[in-house]
Amino acid sequence: MLKRTYLKLVEMQEEQAKRHLDEVRNIHKEMRGYKHDFHHHLQALKGQLEAGEVDRAIAYIEQLDQNLQSVDTLLKTGNVTVDAILSAKLAQAKAEGIAVTVQANLPGELLLSDLELSIVIGNLLGNAIEACRDAQGEKFIRLSISMKGCMMYFYLLNSAGTKKTKVGTLFKTGKRGFHGFGLQRAETILKEHGGWVKYNSEEGAFTSEFLVPAVRL
């Protein structure tokens with residue numbers, strides 16, 4: 001890939017990642033707002049029920065439920081940025097009928113920047129969602145993120161279509177644009193931090209895993 005083309009793709013993807021981060025931060029901010037207002041909602045419901053306005057209270061609850069569904073936080077990892085990235089991507093996966101299983105536990109501060117986390121995790125999950133679209137039968141994403149000492153370990157298994165042919169550390173694809181390049185960017189960022197990433201394609205499944213220094217000793 002020509003240097004100029006590569007740098008242009010890097011710039012475009014970073015802009016895309018920044019926009020995505022802004023979106024998920026807004027979702028997280030809105031969720032914090034709901035938590036802050038929770039006491040007020042309880043007081044309003046209590047007043048309506050004490051006044052015997054049951055139908056009005058039910059309508060109030062239904063409205064709250066609809067609003068909360070639109071900004072649903074799926075999990076809490078311990079890291080606000082990762083929470084926001086995962087919540088947005090996994091909500092997208094669930095909306096597409098993909099069964100999602102997640103186990104994640106992280107410290108609040110990581111050595112990777114918010115932008116780097118968005119590019120790495122966002123690309124890997126985006127690739128997983130895209131692969132699930134090509135899968136036959138059950139569509140699933142199983143994700144585990146944990147700390148191994150000062151290292152962050154990420155393991156992702158997802159359903160996929162046919163087995164892909166490996167070229168170097170990546171895989172051939174007939175698709176253009178960011179497809180494939182996103183995995184390359186994730187690999188570059190992780191290596192810059194002294195980590196490694198591995199991808200493996202099998203018939204009907206794809207795995208992504210990485211290990212990277214994430215906290216200072």
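**View 1. A nonpolar surface patch formed by L49, V54 and I58**. In this predicted model, local features require pLDDT of at least 70 and side-chain atom pairs count only at pLDDT 80 or more, whereas totals for chains, interfaces and linings use all residues. Residues are numbered from 1 along each chain as its sequence is written, and side-chain values use heavy atoms, with hydrogens and water left out. Together, L49, V54 and I58 present about 260 Å² of accessible area (Shrake-Rupley method, 1.4 Å probe, with only the protein chains shown counting as cover for residues). A patch comprises residues with over 30% relative accessible area and no salt bridge, like charges being joined within 9 Å and nonpolar side chains (Val, Leu, Ile, Met, Phe, Trp, Tyr) within 5 Å; a salt bridge is a side-chain nitrogen of Lys or Arg within 4 Å of a carboxyl oxygen of Asp or Glu. I58 belongs to helix α2 (residues 54–70) and is partly exposed at 42% relative accessibility (buried: under 20%; exposed: over 50%; partly exposed: in between; 1.4 Å probe, protein chains only).

**View 2. L42 and K46 in helix α1**. Helix α1 spans residues 3–50; helices (H or I, at least four residues) and strands (E, at least two) are DSSP runs numbered from the N terminus. L42 is partly exposed, with a relative accessible area of 41%, and its C-alpha atom is separated by 9.9 Å from that of I61, 19 residues apart along the chain. K46 is likewise partly exposed, at 46% relative accessibility. Between K46 and A57, 11 residues apart in sequence, the C-alpha to C-alpha distance is 8.5 Å.

**View 3. The open five-stranded sheet**. The strand order is β1-β2-β3-β7-β6, with mixed pairing (two strands pair if DSSP finds at least two bridges between them). Because β1 (99–104) and β6 (196–202) each have a single partner strand, these edge strands are left without a neighbour on one side. From one strand to the next, the twist averages 5 degrees (axes are lines fitted to C-alpha atoms, for helices over the stretch in contact, and angles run from 0 to 180 degrees between N-to-C directions).

**View 4. The antiparallel pair β6 and β7**. Strand β7 (residues 205–213) is joined to β6 by seven bridges. L211 in β7 stands opposite W196.

**View 5. Helices α3 and α4 against the sheet**. Helix α3 (residues 80–95) packs on the sheet and touches β1 and β2 (140–148), contact meaning heavy atoms within 4.5 Å. The direction of α3 makes about 160 degrees with that of β1. Helix α4 (residues 114–133) lies across β2, β3 (151–159), β6 and β7, and runs at about 15 degrees to β3.
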